[in-house]
Amino acid sequence: MDLTNFPMDTQSCSLVYLSFNYNNEEVQLRWNTDRPDPVYPLRQIKLPDFDLIKIDPEIKEIIYPAGKWDTLTVTFTFKRRYMWYFMQAYVPTYLTIFGKIFIKNF
């Protein structure tokens, strides 16, 4: 995870499908072409800290010395819900610091 923009960040998670023993001459991996989006949620996905904003499926062909392998990759992109962090962590901390500075100056 890249946390440089925490708590206003987006995270990507990839899931890779490939054949371990058989190259694409023996096993060809393809996404279902019956739908325009081959990977889709069956119901709403609820996560405590993130919203799912994109599902990106792709097919890759990887060349190894033993042959070519098909790889199906799904990348899930999540956006963090940042309001909790501001209301429960940042705002009380700032109020405490500014309150101490304000009281100290009077």
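What follows is a dialogue on how terms are assigned in this predicted model.

Trainee: What are the ground rules for the model and its numbering?
Mentor: The model is predicted: local features need pLDDT of at least 70, side-chain atom pairs count only at pLDDT 80 or more, and totals for chains, interfaces and linings use all residues. Residues are numbered from 1 along each chain as its sequence is written, and side-chain values use heavy atoms, with hydrogens and water left out.

Trainee: How many aromatic pairs does the structure hold?
Mentor: There are 7 aromatic pairs. Rings of Phe, Tyr and Trp (its six-membered ring) pair if their centres lie within 6.5 Å; planes under 30 degrees apart are stacked, over 60 edge-to-face, the rest tilted.

Trainee: What makes Tyr64 and Trp69 an edge-to-face pair?
Mentor: Their centres are 5.5 Å apart and their planes make 80°. That is within 6.5 Å and over 60 degrees, so the pair is edge-to-face.

Trainee: Why is Phe86 with Tyr90 called tilted?
Mentor: The distance is 5.3 Å centre to centre, with 40° between the planes.

Trainee: How are Phe86 and Tyr90 placed in helix H1?
Mentor: They are 4 residues apart in H1 (residues 83-105), about one helical turn. Helices (H or I, at least four residues) and strands (E, at least two) are DSSP runs, numbered from the N terminus. An α-helix has 3.6 residues a turn, so residues three or four places apart point the same way.

Trainee: Are Trp69, Tyr64, Phe86 and Tyr90 buried, exposed or partly exposed?
Mentor: Buried means under 20% relative accessible area, exposed over 50%, partly exposed in between (1.4 Å probe, protein chains only). Trp69 has 12%, so Trp69 is buried. Tyr64 at 43% is partly exposed. So are Phe86 at 26% and Tyr90 at 28%.

Trainee: Where does H1 bend?
Mentor: At Tyr90, by about 35°. The bend is the angle between axes fitted to the seven residues ending there and the seven starting there. A proline, Pro92, follows within four residues.

Trainee: What makes Asp70 and Arg30 a salt bridge?
Mentor: A salt bridge is a side-chain nitrogen of Lys or Arg within 4 Å of a carboxyl oxygen of Asp or Glu. Here the closest N and O atoms are 3.2 Å apart, so the pair qualifies. The pair links distant parts of the chain, 40 residues apart: Asp70 in strand E3 (residues 67-80), Arg30 in the loop between strand E1 (10-18) and strand E2 (50-64). Asp70 is buried at 3%, whereas Arg30 is partly exposed at 47%.

Trainee: How many salt bridges are there by this rule?
Mentor: The count comes to 5. Among them are Arg35 with Asp37, at 3.1 Å, and Glu61 with Lys68, at 3.9 Å. Both distances are within 4 Å, so both pairs count.

Trainee: Why is the charged end of Arg35 said to sit over the ring of Tyr40?
Mentor: The rule asks for NZ of Lys or CZ of Arg within 6 Å of the ring centre and within 35 degrees of the ring normal. The charged end of Arg35 is 3.7 Å from the centre of the Tyr40 ring.
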